[in-house]
Amino acid sequence: MQTAASLVAASTRDFLAPVFAQYPLEVASAQGVWLTNTRGERVLDLYGGHAVAALGYGHPAWTAALARQAQLCQFQSNAVALEIRARTAERLTRFARLPDMRVFFVNSGAEANENALRIALRITGRAHVAAIEGAFHGRTAAAGAVTWGARAKWYGFPRTPFNVGFLARGDTAAVRTRVTRRTAAVIVEPVQGLAGAVDLGKEFLGALRRRCDEVGALLIFDEVQCGVGRIGQPFAANLHDVVPDLLTTAKALGNGFPCAALLISAQLSRQLPVESLGTTFGGGPMACAAIEAVLEAIESQQLLERVCHLGALIRESCLVGPVCAHQGAGLLVGLRTRRPAKEVHAELLECGILAGTSSDPHVLRLLPPFILEDEHVELLRDTLRELPP
């Protein structure tokens, strides 16, 4: 029998547009790496809200930084200078360990990609963009145009704002024929997320860099999901030693506070006229406080090293039960399953573990907080071992 409280909850949810498929889980609170549902049951979060909760939940320094900034000044636009905005931009560029970058703060990964593509098209004066099969870059007009399969499934716009061509993953031979002097940019996730944690590798990414240099195209790294430490380096650009012209990042950057950033080479930045880009909320003081706290925690708690250790531990210990292989990098992990991944996902959730799926029907995706402990990996291993193969 439904209680009065459950009836009220059901009726209030009727006011939400029914556009999201949702797991059978309603979260009431969260702490560390644990979610608590409305029945008071704990669920181990190995998904992190689409790779967002890098520091987990209730991180004391992150919470304190937001509270402190809210008391000082909760918002001002880019029409005025803010010391915290300038300081955060410097902190982010130093964290990135990429040569001579400038920062444009925005609100989401899609917005960052949209602006990266805008810059490439404007500076080159060209109308063709190359993307990679399997890619997901966002649901806005430009970002959706370079997302694999979007036009057939959900794109919705009558036409794309530029010409798009897709390259097969790892096909270095196709790079020369598909990236030409008509190409404004190549946009690529160095480690693809939604596709199932697919690391495109140094050879392929290096071929893209060289070809862009040859034809005068710009190389855009979409590190919205794989960036900010998730693969055990500040960015996948560091892991593969390939420097893009533009790099986008979001998700883990704010640990749940909506924010994103576009890193632009200084050479490109000098070509952008004043007011050529704009955003109302991007680079707001609360967002900057969140970003600072995330970067501080990653560095002071040696979380890059922890990500490398935990990623290796998952790969070494979790090839059990229905899992037959692994892929990805760091804590962007794809566990390949013999059975459909959705079945394994549902069984794990029944056992109190939240993972994620992917566009590959046989890949379970893990995107846990960086503060995960060895004992949590052991719990995953033991649970997988008990599932039908």
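So, helix 13 and helix 15: on the helix 13 side you've got R306, H309, L310, L313, I314 and S317, and they touch D374, V377 and R381 in helix 15. Sorted by type, those contact residues come out as four nonpolar, two polar and three charged. Keep in mind that this is a predicted model.

The axes of helix 13, residues 303-317, and helix 15, residues 374-386, sit 10 Å apart at an angle of about 20°. Anything under 35 degrees counts as roughly parallel, so that's what we call these two helices. Their crossing is right-handed.

Okay, next pair. Helix 4, residues 83-96, packs on helix 12, residues 285-300, at about 35°, axes 9 Å apart. This crossing is left-handed. The contact residues here split into nine nonpolar, one polar and six charged.

Which residue does E292 meet in a salt bridge? That's R87, at 2.6 Å, N to O. E292 is in helix 12 and R87 is in helix 4, so to speak two distant parts of the chain, 205 residues apart. E292 counts as buried because its relative accessibility is 15%, while R87, at 33%, is partly exposed. And E83 joins R87 and E292 in a salt-bridge network.

Last stop, E214. R176 in helix 8 reaches E214 in helix 9, 38 residues away, with the closest N and O atoms 3.1 Å apart. R211 also bridges to E214, at 3.0 Å. Those two are three residues apart in helix 9, so about one helical turn separates them. R211 is buried at 13%, and E214 is partly exposed at 37%.

Over the whole structure, the search finds 18 salt bridges.

Key. Residues are numbered from 1 along each chain as its sequence is written. This is a predicted model: local features need pLDDT of at least 70, side-chain atom pairs count only at pLDDT 80 or more; totals for chains, interfaces and linings use all residues. Side-chain values use heavy atoms; hydrogens and water are left out. Axes are lines fitted to C-alpha atoms, for helices over the stretch in contact, and angles run from 0 to 180 degrees between N-to-C directions. Helices (H or I, at least four residues) and strands (E, at least two) are DSSP runs, numbered from the N terminus. A crossing is left-handed if the near helix is turned anticlockwise from the far one by less than a right angle, and right-handed if clockwise. Ala, Val, Leu, Ile, Met, Phe, Trp, Tyr, Cys and Pro count as nonpolar, Asp, Glu, Lys and Arg as charged, and the others, Gly among them, as polar. Angles under 35 degrees count as roughly parallel, over 145 as roughly antiparallel, 65 to 115 as roughly perpendicular and the rest as oblique. Contact means heavy atoms within 4.5 Å. A salt bridge is a side-chain nitrogen of Lys or Arg within 4 Å of a carboxyl oxygen of Asp or Glu. Buried means under 20% relative accessible area, exposed over 50%, partly exposed in between (1.4 Å probe, protein chains only).
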